[in-house]
Amino acid sequence: MTQISQQALETAVKEYRDPYLNKDLYALGAVKNLTADDNGKVTLMVELPYPSKGIAGGLKQIVANALEFVDGVESAEVHVAQKIHSYKTNKDLPAVPGVKNIIAVASGKGGVGKSTTAVNLALALQAEGARVGILDADIYGPSIGMMLGVPEGKRPDVRENKYFVPMQAHGLQANSMAFVTTDKTPMVWRGPMVSGAVMQLLQQTLWDELDYLIIDMPPGTGDIQLTLAQKVPVTGAVIVTTPQDIALLDGKKGIEMFRKVDIPVLGVVENMSVHICSNCGHEEPLFGHGGGERIAEEYETNLLGQLPLHMTIREQTDSGAPTVAAEPDSEVARRYLDIARRVGAELSTRERNLGGTISSVSVSEH
């Protein structure tokens, strides 16, 4: 039996470069074990730092093929896992129990599909292997419950007259002001009351070991948004815009707001980038072209993805079955999944919170 060179094995593994972080597996610290037995069988254990279920199969195949070209190797077995860490925020705010990372999804103005993006991003992160929750912080127009198909009038359980048990919808943990009020209750509140209500929902919900909590922020960049950005320990923000000039201007305001309060912007999602005709499939950029890319370049951040304006996205969301859940193999769902991997990968480059996993609140059942 030919002696297998450990250096040759490592060189073969290094041929693979992560498509989202553009580094080899050793540079990522992703190789946990690489061994060869006396029969020429090589076993590799890989642990990626971001939600990556969708690329695990390709990674296994590519790296196993490379290893099998090494002299003496009869077979190669590659195991791929993932571990999501807690990352530091730039503000000295207490962490939310049960939550490793908070991602704010925001827009400079309404009507750009922010909530639809937030819901599908949450579902995509979950589909890629993460534990995910979503908080609807849009007090005046909460829509997450409807989008997730939570029956109207359903209320969350309450523990010790203080803590909300999050709703379960499509596998997500969810909470929203819509779950504790009725659709006939107008939110005639001033800014401090709004931010106080959101903080209560955030801190008094029994989030259960979440890798990511997605917060659907209120649209705009006014006092309420600024106050929330200052009070919530946000790990990173995603800006949603459309290619229209006015939306792009407001998108820039959103980036500036987060930078003002030292929250890193993970990137920009350009929604409604192209209209797809439901009859013939013809594509046309109704609202302009390349706006999201220009913002990303100007502010030295990432263009996370471009999403089409398509009737089925609206229909599926309105029916309580968002695209990633309703049609997980569709082209639109694949775009959301790609965005989710990009968000997770970008967040994994941040400094880790070495305090360990954020503990959950412990309450009595009675």
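Predicted model: local features only at pLDDT ≥ 70, side-chain atom pairs only at ≥ 80, totals over all residues.
Leu148 touches Val119, Ile134, Ala169, His170, Leu172, Ala174 and Gly320, leaving out residues up to four places away in sequence; contact here means heavy atoms within 4.5 Å. Leu148 is also one of the residues that touch the most other members of the largest nonpolar core, which has 41 residues; the others are Ile103, Leu121, Ile134, Ile214 and Val343. By a nonpolar core I mean a set of buried Ala, Val, Leu, Ile, Met, Phe, Trp, Tyr and Cys residues joined through side-chain atoms within 4.5 Å. Buried stands for under 20% relative accessible area, exposed for over 50%, and partly exposed for values in between, with a 1.4 Å probe and protein chains only. A second, separate core of 36 residues includes Leu201, Leu228, Ala229 and Val234.

Residues are numbered from 1 along each chain as its sequence is written, and side-chain values use heavy atoms, with hydrogens and water left out.

For the whole protein, there are 11 helices and 15 strands. These are DSSP runs numbered from the N terminus: helices are H or I with at least four residues, strands E with at least two. Of the 366 residues, 52% count as buried. Among contacts with a separation of 6 or more, 76% come from residues 24 or more positions apart.

Let me turn to the sheet. It is open, has 8 strands in the order β8-β9-β5-β10-β4-β11-β12-β15, and shows mixed pairing; two strands pair if DSSP finds at least two bridges between them. At its edges lie β8 (167-169) and β15 (303-306), each pairing on one side only. On average, neighbouring strands are turned by 25 degrees against each other, direction ignored. β8 runs antiparallel to β9 (residues 172-176), joined by 3 bridges, and Gln168 stands opposite Gln173 in β9.

Within this sheet, which faces of β11 are covered? Both are: Gly236, Val238 and Val240 are buried on one side, and Ala237, Ile239 and Thr241 on the other. β11 pairs with β4 in the parallel sense over 4 bridges, with Val105 opposite Val238. To β12, β11 is joined by 5 bridges, again parallel, and there Val240 stands opposite Val269.

Gly236 lies in this strand, β11 (residues 236-241), and has a relative accessible area of 0%. Apart from neighbours within four places in sequence, Gly236 contacts Ile102, Ile103, Ala104, Ile263, Pro264 and Leu266. Its C-alpha atom is separated by 9.5 Å from that of Tyr87, 149 residues apart along the chain.

Helix α3 (residues 114-127) lies across β4 (99-106), β5 (132-136), β9, β10 (210-216), β11 and β12 (265-270), at about 170 degrees to β10. Helix α11 (residues 331-347) touches β4, β10, β11, β12 and β15, and its direction makes about 175 degrees with that of β15. Axes are lines fitted to C-alpha atoms, for helices over the stretch in contact, and angles run from 0 to 180 degrees between N-to-C directions.

Finally, the axes of α1 (residues 6-14) and α2 (residues 53-68) come within 8 Å and cross at roughly 145 degrees. Leu9, Ala12 and Val13 in α1 meet Val63, Ala66 and Leu67 in α2.
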